[in-house]
Amino acid sequence: MNLLLRALWRWHARHPVLLAVTVLGAALGAASVIAIDLANASSRRAFDHAVRGLTGQATHQIHAGTVGIDEQWYVDLQRGRGGVLAAPVVRGQLRLHDGAPLELFGIDPFAEATVRPAIDAALGSAEHLITEPGAVAAGADLVARRGWQLGDTISVRSGQDVHQLRLRAVLEPRDELTTVALRDVLICDIATAQETLGLLGRLSRIDLVMEPSARLEPPPGAVLRPASSQRAQLADMTAAFHLNLTALSLLALGVAAFLVYNALGFALLQRRGIIARLRAVGATPGQIATALLAETALLGLAASAIGIAIGWVLGGVLLEQIGTTISDLYLARDVARVELGLASVGKALATGLGVALVAGAVPIIEAWRVTPREQLQRAGPQRNWSLALFGVALVLALVAVVLLQIDERSIALAFVATGVALAAGACAVPLVLRAWCGLGAALFSRLGRPLATMIWRAPAQGLRRSGVAAAALSLAVAAALGVGIMVASFRGTLIDWLDATLGADIYASAGAGLTSEDRPLQQAFIDAVRAAPEVSAVTLRRDTTVHGREHSYRAIVVDPSRPQLPPLRAGTLETVWPRFIGDDAVVVSEQLAWRRGLGLGDTIALQTEHGWHEFSVVAITADFAGDRGLLYWHATTFARHFVLPPADGLAAELSADADVDVVCARLARHPAAEGLALRSQRALRTASLQVFDRTFLVTEALRVIAAAVAVLSVVSAIAALAVERRSALALLRARGATPGQVWALGMGECGVLGLFCGVIAVPAGLGLAALLTLVINRRSFGWTLNLDPQPGQWLPAVLTALIAALIAGLVPTWRAARATPAEAMRDG
Amino acid sequence: MAEALPHRRPAAQRAFTAATLAALLCAMLALVAGWPRGEPRAMSAALAPAALAADAEGYLQALEPRVFTFPDDHAAHPGYRTEWWYLTGNLQTVTGRRFGYQVTLFRRGLSPQPAERASHWGTGAMYFAHIGLSDASTRRFHSAERYARDALALAGADTDGFWIGDWAVSGTPDSGMDLRVTADAFSLAFRIEPGALVLRGHDGLSAKSAAAGNNSYYFAAPRLETDGTIKLGGQEHAVKGQSWFDREWSSSALDRQQTGWDWIAVHLDDGRDLMLFQLRAADGRRDFAAAEISDATGGRRQLDADEITLEPVQWWRSDASGHRYPIRWRVAVAELGLSGELRAVFPDQEHRGDFRYWEGMVDLKGSHPGHGYLEMTGY
């Protein structure tokens, strides 16, 4: 066996570049999967732990309505009813001086032991925390990262206010869950939390340990939920996000699989002679197949190992991006580091090995079945299989269409359909390539250009090889192009939406501005804006949470004086407005409508100050402020059912002749503007697009990887083809062709193939973009995007394929042209 | 009172209570035995007697006799570091089934000068409560504990009663009280009739060591007729009997050598009430002792401590904690001509919450028979 392996290996040793390209391509494919897997898992775990570690043993939670729970309700609960293990929580978002988010988690240490024993244990004696205003405790990890010392003053910003907290305890939790949960959390006494967050008299949450059968009526506006629902909601919110990244990484892997298949198939083809000779001297087909499998496995392992290394580094970079995105969109948290566990390594090895073996299996099975005599024949049997493959392509396309119809909401099915559609495209390539070559050859033949005719005819002659190479190449270019078009379409849709939504001239908010962690604006500032002579209208925004029976919703409450709503997907402003300011109306963002299956006229039951109330959906709006989805209310309607929280955002319209920047700068100097994000419409638009671009950085990174794999597969495929064509070219030289003619022929062939791949990648990329934009995004997030074909991206895609093909052909063609005919023929 | 040797959960509460109990004990009857016998903990330092002495700085001290005024002195005394409301009692059903109960509320200052806070949760003190029920017929002991801050009336004590959450005793010993506590295993609902108040020590200034300065303010209502209902194991028992109420507050530290204490309160069958306690040194010998006898009218007499005999006769080892307690004592008070044996009604009346100590119903046999309560810490 050892001997067999070595005999087979010798060919690879003679073609190190091809081998390197194959391994590197496979490694990149594996790396993208590993990186995304690691980053997804790490971020999911970090965010899940963050929620779970602070939930502790609680079985239920009472979540506050729009303005928190009255603390007296908790006192009455404690004094009026025995046997309820309850722990009050006052929590909120802080920013450190450098803008890093921190959660302030205020607890009553006396109530902690039964609800959060791990935190309680870590706290130990919490005496200073209770008696000293502003005293906080932090996990050792956070303290070390920040370089704090016990007793240090920590300056934090809560909305517009700056507070000085004092680090009075460093916690060293005994379990990993709590350690992770405390990564970006300051623990303090509930009194300090109320004072720092401006929540005097209010609780954010009450955590309970209750028997499943126990009944408890929550206070007005609040809801009682199983403690698990918060985690489930976060997992639910981010699931589509993670799934999309995984699917994109699988795309890179799929391209890599094609590359491996092509390279191994070629290597086998090249070694038909040696395999036949080995068979002739007594090696059984089984031995040969085993040796080939071992070789493939080695290759797969090598690719995996490199893939793990690249993936780990890449995963760390991606994790930061994914964490930032989740912070932007879902839960403000700093990100954890990526951890390469044994499980991840195993998964990565299995991925690399699996892909190599699967991709390598087809040619190996072929080699196994073929007799030594057949093996010794120069060329394989030419069958008209391209037509059959095209048939398969049609069937696959049909399957993809059916898959898309089965369940209009399934994200997984949409991804499977996309995969099947890509496979269909790949299967169609050989026949289309044949047609392409036939057309080109016919054209040049009619024009009386024999060399060009030969160039065009060549790929069709070696279709067995060139077909696969072309499929791999087109698929890779199409993937990169499709994702690029999707991102650009999304961005375009977002810009349209921003332009339609940002109707005012100046925007102010007291928080990051894009999450629901905002703090109230000071009334003095609102008054100052209203009093400014240039200001013609002021709209206040309130960003809060309301509770349904199963789910909680982010609610945006606005008070425009004239008809004004975000762009509507269903309903018109004229018909919606009178109802919007009516009694029971709510406007729903399309993500929420999609997620909860809501349509016009449907109702949502919500817990109001006066008990449960049904609100009817009067319009569905486009919305891109996070993918959770929103409910929109007019303040007058909202105030009838809920306690209206203080405004946290403000939009001001200026008179036509006012200079926005001047007014903005002047308002920013107002004392009550301290700590506000005060931005012109233009600046807010730019900031929003920055968040978008940040969100799609990961996608971009995956696209670059897919493109890199694509280039590698071009290089590999073309180089393989060129090697195979060398003997044919040599024959031409023997027949009297000049090196220049051989050179032109070789490069021409590469060019024809590269051009073909580039050209065919355009419609394929468009199809993929359509699936991603119109189907997968819709199903994943519920938003409707406009597909923008982005013709500007087409030519670069074609050129990428063409140039890559030409570069790939350079060395083999140069060698063929340079070689003496005798050498070249012997080599073949 | 309990010793400061928590063993169940390493909790903030435990730390609080550890320090509190230590302070309580030192201040008065008692003392920090055995620490630091347990695992080394950060709180150990805080529990050191020296640290406790330092801790008392800034608090009011019980140095001079004071004029007690009621009902004001039923309420909490925030300037002092430690304070408690202590009810124990022996009760029985008409069929003679015997129960003992304990309902105790402790207050502990966390800071002598609490900061001014905008939040209602801001506080300079905490409360915690221990409750116990001894069932003589099944020889089972049940207990529970609670903690709360001195804020928002989550727990407190005023002239109308004392409470922590929904465990509440409303009223005062001289006007009658209603007691309501519900734990997982049992619940108590008693009407406690008014009784005479008795000032302990020198007009209510009770010494806790031979050295000057270790005092508490101490008064009691030793004999309170009690009837009501005990719910246990799904059954309700109508009970009658007598309760004993103790009130103390102070800020002072214990003496360095004191490591534990034994406190006895007995309703004698002749209608008089006997209270005696001793503080033990590390070697187990008596470091300080005091005793008083009183009658239903409030008349009382301090007894010569040197003439009190209190000797363990039989020990019981707790399987759960591994600690040994004397459950039979030879008792003699020369001045009263009293001589007899004090016996636990059953051995296992050990509190095994955050603090381990023994507190349970006892019978006095001999020249002056009676029923009462015994508390042992530091074993």
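Biologist: What percentage of the 828 residues of chain A count as buried?

Modeller: A residue is buried if 20 or more other C-beta atoms, placed from the backbone, lie within 10 Å of its own. Here that holds for 52% of the 828 residues of chain A. Do keep in mind that this is a predicted model, where local features need pLDDT of at least 70, side-chain atom pairs count only at pLDDT 80 or more, and totals for chains, interfaces and linings use all residues. Residues are numbered from 1 along each chain as its sequence is written, while chains are lettered from A and ligands numbered from 1 in the order in which they are written.

Biologist: What is the mean pLDDT of chain A?

Modeller: pLDDT is the predictor's confidence in each residue, from 0 to 100. Its mean over chain A is 84, with 93% of the residues at 70 or more.

Biologist: Where in chain A is the pLDDT below 50?

Modeller: Look at residues 512–516 of chain A. Contacts are pairs of residues whose C-beta atoms, placed from the backbone, lie within 7 Å; this stretch has nine in the model beyond near neighbours in sequence.

Biologist: How many helices and strands does chain A have?

Modeller: Both are DSSP runs numbered from the N terminus, helices being H or I with at least four residues and strands E with at least two. Chain A has 27 helices and 21 strands.

Biologist: And which domains is chain A divided into?

Modeller: Bounds come from an automatic or database domain assignment. They give domain 1 (1–55 + 253–381), domain 2 (59–226), domain 3 (384–503 + 684–828) and domain 4 (511–675). The C-alpha centres of domains 1 and 2 of chain A are 48 Å apart.

Conventions: Contact = placed C-beta atoms within 7 Å. Buried ≥ 20, exposed ≤ 12 C-beta atoms within 10 Å, placed from the backbone.
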